[in-house]
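Subject: Structure handover

Hello,

Here is the structure I promised to pass on. Please open it beside this message, and then read my notes below.

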Amino acid sequence: MTLTKEKLQAKFSARRLILPMLLGLGVVGYMLYKNYEPGQLQTLLQASPLWLGVTLLVLLIRDLGYMYRIRYITDKALSWKQSFRVIMLWEFASCALPSVVGGSTVAAYILFKEKIPLGKSIAQVMVTAMLDNLYFVLAVPLVLLFADGQLIPAFDNMNETLRQSLGIAFGISYLLIALYAFTMFYALFINPKAVKRLLLRIGSFRLLRKWRPTLLRHANELLIASRHLRTKNTAYWLHGSISTIFVWTARYVIIGCLIAAFTHLDAADHFLVFARNLIYKVVLLVSVTPGGAGFAEIAFPAFFGAFLGGFTTIIVLLYRLLTYYLYLVVGVIVFPRWVAVVYGNEKSSTIPESKQQTSTASSNTNTIPVK
């Protein structure tokens, strides 16, 4: 599949954007209807201005961190203005596309349209995917050491067997993500040709032959990315790694800051909220709705309701407004202007036919960041 201006616009059509917004807001509305108590909305007036300010500051710092990272990963080929557009469109894509697809599907194409060669743009998206997944792989063992068995929340009316099953499901998910991250690392830096041969062998099985062209494209992309990334020095990887730690830590602490605006949290509570957020994000990966709309609102109380009680529905709404609906609105503003800029002086809006083997549409590097 080759992305064009028309196909990109179709992905972000008004119909596709309105549906997840209505779904998410509908779930929140139903939760308010079922759990509303007189005077509940007055809790908004009791919120701590300090913690609300910290929440907005963390959100701003996170996005600045993403802009900083993409600038350095692209060797400063992007200006700060271009970096802003790329990150906002990446967030927009993550919100407008199903979580199982992710914003990375179109990210390399966005970089390509910002005048970064296609091979480099593919490599740079792969770098972000690898770093994001490695952050998760390394963070989970650390939080497990200190979560004291409270990582998986105790749901109402749930027996211990089912709770243990959820823990097992998360463990399997973690192992698959770890396998993906280290396979990508091996393919990019150690032996990309061996991984290519493996992918082609997998595609030779009768049941998987229809995916052979996609596997071939992935294999070719790995070779291109490997050649590009092996030339990078230590400073490049330090900038990429440190900024990744920074932005994902900020991403996971936002919920704790927002909860602290309405109720007291000590240091241990903040850490537990952070730890549960890791699980929460993995759960959202299985959602088939754009940006996890509806599913995210339903799952939120199960993971964080114990800290909020009757305030939970209000916090769900505020959290989704800040981390989901905000980026839909910003994307709706930025996307048409970006299209006008990048296509304004072009006769063709299609990736060159000779480069279809490395079409960015196949770069589905699903990262833990369900944005």
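Is Asp75 buried, partly exposed or exposed? Asp75 is partly exposed, because its relative accessible area is 40%. The cut-offs are these: buried means under 20% relative accessible area, exposed means over 50%, and partly exposed is in between, with a 1.4 Å probe and protein chains only.

First, the ground rules. This is a predicted model, in which local features need pLDDT of at least 70 and side-chain atom pairs count only at pLDDT 80 or more, while totals for chains, interfaces and linings use all residues. Residues are numbered from 1 along each chain as its sequence is written, and side-chain values use heavy atoms, with hydrogens and water left out.

The overall picture

The protein has 13 helices and 0 strands. Both are DSSP runs, numbered from the N terminus: helices are H or I with at least four residues, strands are E with at least two. Of the 371 residues, 51% count as buried. The accessible surface is about 17,600 Å², computed by the Shrake-Rupley method with a 1.4 Å probe. Carbon and sulfur atoms hold 67% of that surface. Take the contacts with a separation of 6 or more: residues 24 or more positions apart account for 80% of them. A contact means heavy atoms within 4.5 Å.

Asp75 sits in the loop between helix 3 (49-73) and helix 4 (80-96). Asp75 is not a glycine, yet its phi is positive, about 55°. Lys76 lies in the loop between helix 3 and helix 4. Phi of Lys76 is also positive, near 60°, in a residue other than glycine. Lys76 is partly exposed, with a relative accessible area of 44%.

Helix 10 against helix 11

Helix 10 (residues 234-260) packs on helix 11 (residues 267-284) at an angle of about 125°. Their axes are 9 Å apart. That angle makes helix 10 oblique to helix 11. For reference, angles under 35 degrees count as roughly parallel, over 145 as roughly antiparallel, 65 to 115 as roughly perpendicular, and the rest as oblique. Axes are lines fitted to C-alpha atoms over the stretch in contact, and angles run from 0 to 180 degrees between N-to-C directions.

Which residues meet here? Among them are Tyr252, Val253 and Ile255 in helix 10, and Val273, Phe274 and Leu278 in helix 11. The residues of this contact divide into 10 nonpolar, 4 polar and 2 charged. Ala, Val, Leu, Ile, Met, Phe, Trp, Tyr, Cys and Pro count as nonpolar, Asp, Glu, Lys and Arg as charged, and the others, Gly among them, as polar.

Best wishes
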